[in-house]
Amino acid sequence: MNKAVKAALISAFVCPGGGHFYLKQYTRGTLLSVTMLGGLLYLLDRAVERAHQITDRILSGELAPDLNVIYGLITQAPDPAQASMINLATSVFFIAWFVGVIDSYRLGHGIEKKQSGIHDS
């Protein structure tokens, strides 16, 4: 398997930026990983916050521990300001993933071309 494909697969299935680390492009790899993880951490923070709010309401007796009621609260749309931030974080997460795969393949392909050009001379 060539470097370009291996780097793209690492970025796709391990972590965006992972393929860049494989190709020794540490700055790009770090930037993509931090960007993706920032989006992911924000999304996880919002999910945990919502879970805490629902749990607190159940424990205080304000909310019955009924699965249908809890499911309704979980699936309830967030307020518009929070929804836009969630959409932004989701977009950042997926764009970083996509860019990581494409860019690591592109870089790997360029490295392979340089190496084959050096060996052909």
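**Exercise 1. The side chain of D103**

With which side chain does the side chain of D103 make a polar contact of 2.6 Å?

*Solution.* The structure is a predicted model, in which local features need pLDDT of at least 70, side-chain atom pairs count only at pLDDT 80 or more, and totals for chains, interfaces and linings use all residues. Residues are numbered from 1 along each chain as its sequence is written, and side-chain values use heavy atoms, with hydrogens and water left out.

Step 1. Locate the residue: D103 is found in helix α5, which covers residues 80-120. Helices are DSSP runs (H or I, at least four residues), as strands are (E, at least two), numbered from the N terminus.

Step 2. Buried means under 20% relative accessible area, exposed over 50%, and partly exposed in between, with a 1.4 Å probe and protein chains only.

Step 3. Identify the partner: the side chain of R106 makes the polar contact of 2.6 Å with the side chain of D103. A polar contact is a pair of N or O atoms within 3.5 Å; within protein, one must be able to donate a hydrogen and the other to accept it, and residues adjacent in sequence count only if both atoms are side-chain atoms.

Step 4. The side chains of D103 and R28 are joined by a polar contact of 3.3 Å. These two residues stand 75 residues apart in sequence, with their C-alpha atoms 9.4 Å apart in space. Apart from residues up to four places away in sequence, D103 touches H20 and R28, where contact means heavy atoms within 4.5 Å.

**Exercise 2. The packing of α3 and α4**

Describe how helix α3 and helix α4 are arranged, and name the residues between them.

*Solution.* Step 1. Two packed helices are described by the angle between their axes and the distance between the axes. The axes of α3 (residues 26-59) and α4 (residues 67-75) come within 10 Å and cross at roughly 150 degrees. Axes are lines fitted to C-alpha atoms, for helices over the stretch in contact, and angles run from 0 to 180 degrees between N-to-C directions.

Step 1. The two helices are therefore roughly antiparallel to each other, a term for angles over 145 degrees.

Step 2. The contact is made by R50, I54, R57 and I58 of α3 and by I70, L73, I74 and T75 of α4. By class, these residues divide into 5 nonpolar, 1 polar and 2 charged.

Step 3. Consider T75 of α4. With a relative accessible area of 48%, T75 is partly exposed. A polar atom of the T75 side chain lies 2.9 Å from the backbone oxygen of Y71.

**Exercise 3. G18 and K24**

*Solution.* Step 1. G18 lies in helix α2 (residues 18-22), while K24 lies in the loop between α2 and α3.

Step 1. The relative accessible area of G18 is 15%, so G18 is buried; that of K24 is 58%, so K24 is exposed.

Step 2. G18 is in contact with I10 and S11, leaving aside its neighbours within four places in sequence. The C-alpha atoms of G18 and G29, 11 residues apart along the chain, are separated by 6.3 Å.

Step 3. Most residues other than glycine have a negative phi. The phi of K24 is near 65 degrees, a positive value in a residue other than glycine.

How values were computed: Parallel < 35°, antiparallel > 145°, perpendicular 65-115°, else oblique. Nonpolar A, V, L, I, M, F, W, Y, C, P; charged D, E, K, R; others polar.
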